[in-house]
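Hello,

Here is the structure I promised to send over. Have a look at it first, and then read on for what turned up.

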Amino acid sequence: EYNMPGYLARALHGLGLLAGKKKQYDIARSYFEEALKVAETSDLYIADKIRTALNSLDESGLKRK
């Protein structure tokens, strides 16, 4: 109910990291994409971290099927 995009973006980023550690790469990607959408909409600094996490999924050869 509260408009707190910074907390939401950080929470989604954290969930993406956890999913990645569990090797649930599609789930991680969806969390990162949602986090990036929130972060870019609100012009948050965490957007760079989220982009880095998404790029690391791509570079490791774990692209979406």
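**Salt bridges and helix packing**

Asp 48 and Arg 51 sit three residues apart in helix H3, so about one helical turn separates them. The two form a salt bridge, with 2.8 Å between their closest N and O atoms. Asp 48 is exposed, at a relative accessible area of 53%, while Arg 51 counts as partly exposed at 33% relative accessibility. Please keep in mind that this is a predicted model.

Arg 51 has another partner as well: Glu 40 forms a salt bridge with Arg 51, and here the closest N and O atoms are 3.0 Å apart. This pair links distant parts of the chain, since Glu 40 belongs to helix H2 and Arg 51 to helix H3 (residues 47-59), eleven residues apart. Glu 40 counts as partly exposed, with 44% relative accessibility. Through shared partners, the salt bridges join Glu 40, Asp 48 and Arg 51 into one network.

How many salt bridges are there in total? The count comes to three. Lys 37 is exposed at 52% relative accessibility, whereas Glu 34, at 34%, is partly exposed.

Now for the fold as a whole. The protein chain has three helices and zero strands, giving the pattern α-α-α along the sequence. Of its 65 residues, 29% count as buried. The accessible surface is about 4800 Å², and carbon and sulfur atoms contribute 53% of that. If you look at contacts with a separation of 6 or more, 50% of them are between residues 24 or more positions apart.

How do the helices pack? Two packed helices are described by the angle between their axes and the distance between the axes. For H2 and H3 the angle is about 155° and the axes are 9 Å apart. That angle is over 145 degrees, so H2 and H3 run roughly antiparallel to each other. Their crossing is left-handed. On the H2 side, the residues making the contact include Tyr 25, Ala 28, Phe 32, Leu 36 and Ala 39; on the H3 side they include Ala 47, Ile 50, Ala 53, Leu 54 and Leu 57. Glu 40 of H2 and Arg 51 of H3 are also among the residues of this contact, and they are the pair that forms the salt bridge between these helices.

Helix H1 (residues 5-21) packs against H2 at an angle of about 165°, with 8 Å between the axes. H1 and H2 are therefore roughly antiparallel as well, and the crossing of H1 and H2 is left-handed. From H1, the residues that meet H2 include Pro 5, Leu 8, Leu 12, His 13, Leu 15 and Gly 16. Among their counterparts in H2 are Ile 27, Tyr 31, Phe 32, Ala 35 and Val 38.

Best wishes

How values were computed. Residues numbered from 1 in each chain as written. Predicted model: local features only at pLDDT ≥ 70, side-chain atom pairs only at ≥ 80, totals over all residues. Heavy atoms only, no water. Helix = DSSP H or I, 4+ residues; strand = E, 2+ residues; numbered from the N terminus. Buried < 20%, exposed > 50% of the residue type's maximum accessible area, 1.4 Å probe, protein only. Contact = heavy atoms within 4.5 Å. Areas by Shrake-Rupley, 256 points an atom, 1.4 Å probe, with all protein chains shown as cover. Salt bridge = Lys/Arg side-chain N within 4 Å of Asp/Glu carboxyl O. Axes fitted to C-alpha atoms, helices over the stretch in contact; angles between N-to-C directions. Parallel < 35°, antiparallel > 145°, perpendicular 65-115°, else oblique. Left-handed = near helix turned anticlockwise from the far one by under 90°.
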